[in-house]
Amino acid sequence: MTARIIAVANQKGGVGKTTTVVNLAASLVEQGRRVLIVDLDPQGNATMGSGIDKNALQKSVYHVLMGEHTVEEVRQPAKEGGYDVLPANRDLSAAEIELVQELAREARLKNALELVSADYDYVLIDSPPSLNLLTLNGLVAAQGVLIPMVCEYYALEGLTDLVNTLRKVRAAVNPRIEIMGLLRTMFDARSNLSQQVSEQLARHFGGKVFDTVVPRNIRLAEAPSHGLPGIVYDRAARGSQAYLTLAAELIARLEPQTASTEH
Ligand code: ATP
Ligand code: MG
């Protein structure tokens, strides 16, 4: 079995991409899945949030994209949580510029991941808040994209750009990519706006919208400063429970055969 590769992307900043990657990774591990996180953001938030010091890295995903090291040479175990990380730091912003001159520049990550595909059940790619060459590397490597979003006034407009980019990626470089799901994050069930945006989402994207919603929850925001996923830092918190439920929902969607035999 080869890994299911999922890019977590939204060019809008601060919508919960990194929080989703880290917590979903740890939640999938709890369900017995082998998981790798690829940090494709020069901010290195998924790296730090996994308890790995981005400033002390000898080797990072930058070297993988530039063809200087293999994934095997660069990956590290998360401090806790049981998954592996292909870490990143500010070096990665140089890759964006340097890659432009390279051959097959948008397929660098895809090719590098093929060598470790048998080591994992899931690869989760954390994307930066833009639609640049780094994000594109994630979208080319992935079979599906998971889109975290906050249900606010302009949320749907923002999705249009991403959907258009996906259409271009599908036509030009990765015909298999599909939207794996839309995840409502920092959700406030009492707000009318949340309800309205949810209805619009359902109209536009139907069954692609995950049933699971992640509530706004301070424990999820505190966890990264301890280098821990929320589900390790405070498992009982509502936000942590939501990510555990999301992992089960994702598995049921992507592995219908295992989900049905577990009854
Ligand atoms: P960027 O675009 O900068 O990479 P992002 O989309 O990865 O951001 P996060 O870093 O995951 O977003 O989240 C943005 C901020 O909101 C962080 O401080 C995070 O801790 C916090 N946060 C994320 N999800 C929640 C939540 N459900 N409840 C409360 N705070 C949250
Ligand atoms: Mg992020």
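This is a predicted model: local features need pLDDT of at least 70, side-chain atom pairs count only at pLDDT 80 or more; totals for chains, interfaces and linings use all residues.

User: Is tyrosine 153 buried or exposed?

Analyst: First, its place in the chain: tyrosine 153 sits in the loop between β6 (144-150) and α8 (155-172). Exposed means a relative accessible area over 50%. Tyrosine 153 has 63%, so it counts as exposed.

User: Which element gives the most to the lining of the largest pocket?

Analyst: Four elements each supply at least two lining residues: α1 (17-30), β7 (178-187), β8 (209-215) and α10 (218-222). By class, the lining has 13 nonpolar, 13 polar and three charged residues. With five residues, the element that gives the most is α1.

User: What is phi of methionine 186 near?

Analyst: Methionine 186 is found in strand β7, and Met186 is also one of the residues nearest the centre of the largest pocket. Its relative accessibility is 27%, so methionine 186 counts as partly exposed. Its phi is a positive value in a residue other than glycine, near 45°.

User: How many cavities of 30 Å³ or more are there, and how much space lies in the largest cavity?

Analyst: Unlike a pocket, a cavity is a space where the probe fits but cannot get out. The count comes to one cavity of 30 Å³ or more. The space in the largest cavity is about 50 Å³.

User: Which element gives the most to the lining of the largest cavity?

Analyst: The lining is made of Asn10, Lys12, Val15, Met149, Val150, Ala155, Gly158 and Leu159. By class, that's five nonpolar, two polar and one charged residues. Both β6 and α8 supply at least two of the lining residues. With three residues, the top contributor is α8.

User: Now for charges. How many salt bridges does a search of the whole structure find?

Analyst: In general, side chains of opposite charge can pair when their charged atoms come close. For a salt bridge, the nitrogen has to be within 4 Å of the carboxyl oxygen. Searching the whole structure gives 13.

User: In the salt bridge of glutamate 102 and arginine 108, which side chain belongs to a buried residue?

Analyst: These two side chains meet at 3.0 Å, N to O. Glutamate 102 has a relative accessible area of 32%, so it is partly exposed.

User: Which helix holds both glutamate 114 and lysine 110?

Analyst: Their side chains meet in a salt bridge too, at 3.9 Å, N to O. The two are four residues apart, about one turn of the helix, and that helix is α6 (residues 108-114).

User: How many residues apart in sequence are the parts tied together by aspartate 234 and arginine 219?

Analyst: Aspartate 234 forms a salt bridge with arginine 219, with their closest N and O atoms 2.7 Å apart. Aspartate 234 lies in the loop between α11 (230-233) and α12, while arginine 219 is in helix α10, so the pair ties together parts whose separation in sequence is 15 residues.

User: How far apart in space are leucine 109 and alanine 141?

Analyst: Leucine 109 is found in helix α6, and its relative accessible area is 0%, so leucine 109 is buried. Leucine 109 and alanine 141 are 32 residues apart in sequence. In space, C-alpha to C-alpha, they are apart by 6.2 Å.

Methods: Residues are numbered from 1 along each chain as its sequence is written. Chains are lettered from A and ligands numbered from 1 in the order in which they are written. Side-chain values use heavy atoms; hydrogens and water are left out. On a 1 Å grid over the protein atoms alone, a cavity is a set of points where a 1.4 Å probe fits but cannot get out, and a pocket is an open set with protein on both sides within 12 Å along at least five of seven lines; lining residues have an atom within 4 Å of a point. Ala, Val, Leu, Ile, Met, Phe, Trp, Tyr, Cys and Pro count as nonpolar, Asp, Glu, Lys and Arg as charged, and the others, Gly among them, as polar. Buried means under 20% relative accessible area, exposed over 50%, partly exposed in between (1.4 Å probe, protein chains only). Grid points are joined across faces, edges and corners, and a volume is the space filled by probe spheres set on the points.
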